[in-house]
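Reader: Can you walk me through this one? I'd like to start with the backbone.

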Amino acid sequence: MIMAEPATNIEAETPATADDMSLVSRSRRGEMAAYDELVRRYQERIYATMYHMTSNHEDANDLAQESFIKAYQALKTFKGDSSFYTWLYRIAVNKAINFIKQRRNRISMSLNDLDVQVEHDPDLVALISHKTPRREAGLAELQEKLNAAILKLSEQHRAVVVLHDIQGLPHEEIAETMGCNVGTVRSRLFYARQQLQGLLAEYLEKK
Amino acid sequence: MSENDNNFEALRQLLALKKHEMPPPGYFEDFSARVGRRIRTLDEYDSRSTNEQFQETSPWLYRFLELVQARPALVGMGTVGAFVLLAAGIVLVNRPEAAAPQLATSLAPMDSSSSLDMPQTIASADFAAGVSNVDEASLTTGTNVSLQPVASMFGSGNSLLQPASFNGN
């Protein structure tokens with residue numbers, strides 16, 4: 001299973017979003033079962049965002065839970081101008097950004113294991129040689145260097161890279177989530193990619 | 001794909017590694033249950049803490065409200081009784097024919113015994129005691145001296161009080 005499948009145009013009115021509104025209405029009336037369904041629907045994507053922002057499983061776990069709790073407490077303020085998912089994402093990303101600001105100098109990685117499908121990912125096959133006997137060790141090292149490089153980005157740049165290049169959200173959706181315009185998202189993305197390219201130059205050149 | 005994206009193609013491939021990072025097996029199985037438990041715990045804590053906080057800050061009011069809840073009839077009767085007493089007090093105070101004789105009776109004895117206007121007595125007492133170093137005005141027995149309160153004990157004068165006056169008769 002690949003965590004956090006890239007989302008397509010999640011803002012479009014789909015049966016899922018219409019169903020979300022029904023679940024939101026029921027949750028507002030105090031039906032915990034309805035909110036439980038909303039949590040199960042988005043838990044993987046929210047957790048993935050928190051994890052990619054922090055590179056720490058325990059922090060991601062806390063932040064994801066706190067995001068859902070905060071969303072539940074703020075359900076009465078949800079007006080339905082955007083989809084529930086976008087609104088929830090906004091809460092989660094803001095929570096992660098605030099967390100990173102507070103913990104700027106106390107960063108520690110607690111990385112999740114790579115799944116078995118990693119060796120069949122065509123993008124990664126091109127980066128890692130099949131013939132090397134220490135291929136698994138190479139992947140682990142690459143994972144650590146990649147996460148370390150991402151942690152060096154500012155919280156705003158990190159959020160854009162995570163949301164676009166890892167989570168697959170479109171620019172417009174990121175702009176709405178982060179409360180800025182699309183141009184700002186594009187420029188942040190460009191700058192963040194440039195930084196990452198510099199930090200990971202040796203691994204990119206190996207290709 | 002734009003030219004800008006093409007420039008970062010290798011980086012995009014490298015970032016694909018992040019999608020394969022997985023939490024421990026079974027992590028999501030009870031995630032929603034954990035969130036639900038925390039929400040319920042917070043709700044209970046909020047309601048309990050508000051109640052306890054009220055009990056700590058205003059214990060008398062808390063006990064009174066408990067009494068209101070337990071015995072509303074008794075509290076209602078007590079409230080009506082207090083209101084009747086208050087109304088009766090207001091009515092009695094506002095009756096001039098009842099208040100005036102009482103006031104006159106209470107003031108009558110004071111007129112003869114506690115008057116402050118005793119010039120002869122004080123002047124004689126001072127003279128008889130042989131007080132020295134006093135100026136001439138204070139020793140004149142024929143002078144009518146009115147005792148009045150000191151203007152001020154701490155420097156600045158009180159405009160409502162006047163210094164002692166010496167009226168020679």
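Reader: Where is A:Ser55 found?
Author: A:Ser55 sits in the loop between helix 2 and helix 3 (57-73) of chain A; helices are DSSP runs of H or I with at least four residues, strands are E runs of at least two, and both are numbered from the N terminus. This is a predicted model, where local features need pLDDT of at least 70, side-chain atom pairs count only at pLDDT 80 or more, and totals for chains, interfaces and linings use all residues. Residues are numbered from 1 along each chain as its sequence is written, with chains lettered from A and ligands numbered from 1 in the order in which they are written.

Reader: What about the phi of A:Ser55?
Author: The phi is positive, about 55 degrees, although A:Ser55 is not a glycine.

Reader: Is A:Ser55 buried or exposed?
Author: A:Ser55 counts as buried because it has 24 C-beta neighbours inside 10 Å. The cut-off for buried is 20 or more other C-beta atoms within 10 Å, exposed is 12 or fewer, partly exposed is in between, and C-beta atoms are placed from the backbone.

Reader: Now the interface. How many residues of chain A are in contact with chain B?
Author: 41 residues of chain A are in contact with 25 residues of chain B, contact being C-beta atoms within 7 Å.

Reader: Which helix gives the largest share of that side of chain A?
Author: Helix 2 of chain A, with eight residues.

Reader: Which strands are joined by bridges?
Author: Strand 1 of chain A and strand 1 (residues 21-22) of chain B run antiparallel and are joined by two bridges. A:Asp113 has B:Met22 as its bridge partner.

Note on methods
Two residues are in contact if their C-beta atoms, placed from the backbone, lie within 7 Å. Two strands pair if DSSP finds at least two bridges between them.
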